[in-house]
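Here is a note for a colleague who is meeting this structure for the first time. Please read the points below with the sequence and the model side by side.

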Amino acid sequence: MPDLSHGPDAADVAAVNSLRSAVMRLGRRLKHQRVDETLSPTEMSVLGTLARCGSATPGELARKEHVQPPSMTRIVALLEAKGLVRLEPHPDDRRQKVVTQTERAEAMLEDSRRKRNAWLATLAEGLDDEEWAKLRAAAPVLEKLAHLQ
């Protein structure tokens, strides 16, 4: 691990800059590979969070999505109107609701994953064997970075 106590060296700065730029470009391109164009990126993100983390209160979703609770209330209402989530009573607090994704949302997310994976696999066909080996080695590190806070 590089010693960053005195600041990163020029190679680390360049690597971080390159990583940031590449991840942002690739993320933007992946966002265009959507199955349902009627959903906003934020709505898709909320459905993805529910798929990964399970049912949650609107407040918990707001924290996970880094939005204000009133915004999440509106997002949940939109998703409910589209039949993608349902609100259920909280098991311990009758004042709260729990947001759960529907089977329709699960199917839509699976279709979206399949479409994005196919697009990315097609793109990756341009890599040579050495680049594929590097990608396989980097994937777990990128996954870890994606979940660090």
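1. Leu26 touches Trp119, Leu120 and Leu123, where residues up to four places away in sequence are not counted and contact means heavy atoms within 4.5 Å. Leu26 is found in helix H1, residues 10-31, and helices (H or I, at least four residues) and strands (E, at least two) are DSSP runs, numbered from the N terminus. Leu26 is partly exposed, with a relative accessible area of 33%; buried means under 20% relative accessible area, exposed over 50%, and partly exposed in between, with a 1.4 Å probe and protein chains only. Between Leu26 and Thr42, which are 16 residues apart in sequence, the C-alpha to C-alpha distance is 17 Å.

2. A word on the basis of these values: this is a predicted model, in which local features need pLDDT of at least 70 and side-chain atom pairs count only at pLDDT 80 or more, while totals for chains, interfaces and linings use all residues. Residues are numbered from 1 along each chain as its sequence is written, and side-chain values use heavy atoms, with hydrogens and water left out.

3. Helix H4 covers residues 69-81, and its 13 residues reach 18 Å from the first C-alpha to the last, close to the 18 Å expected at 1.5 Å a residue; the expected span is 1.5 Å times one less than the number of residues. Which residues of H4 are buried? They are Met72, Ile75, Val76 and Leu79, and seen down the axis of H4 the buried residues fall within an arc of 100°, so they line one face of the helix. The arc is that of the directions from the helix axis to the C-beta atoms. On the other side of H4, Arg74 and Ala81 are exposed.

4. The buried residues of H4 pack against two helices, H2 (41-53) and H3 (58-65), and against two strands, E1 (85-89) and E2 (97-101). Just after H4, Gly83 takes a positive phi of about 75°.

5. Thr42, Glu43, Val46 and Leu47 in H2 meet Met72, Ile75, Leu78 and Leu79 in H4. By class, this contact has 6 nonpolar, 1 polar and 1 charged residues; Ala, Val, Leu, Ile, Met, Phe, Trp, Tyr, Cys and Pro count as nonpolar, Asp, Glu, Lys and Arg as charged, and the others, Gly among them, as polar.

6. For H3 and H4, the axes come within 9 Å and cross at roughly 110°, which makes H3 roughly perpendicular to H4. Pro58, Leu61, Ala62 and Glu65 in H3 meet Pro69, Met72 and Val76 in H4, and the residues of this contact divide into 6 nonpolar, no polar and 1 charged.

7. Within H3, the buried residues are Leu61, Ala62 and Glu65; seen down the axis of H3, they fall within an arc of 105°, so they line one face of the helix. What covers these buried residues includes H2, H4 and E2.

8. The loop between H3 and H4 holds His66 and also Gln68. His66 has a positive phi of about 60° although it is not a glycine, and His66 is exposed, with a relative accessible area of 67%. As background, most residues other than glycine have a negative phi. Gln68 is likewise exposed, with a relative accessible area of 56%, and the C-alpha atoms of Gln68 and Pro58, 10 residues apart along the chain, are separated by 10.0 Å.

How values were computed: Axes fitted to C-alpha atoms, helices over the stretch in contact; angles between N-to-C directions. Parallel < 35°, antiparallel > 145°, perpendicular 65-115°, else oblique.
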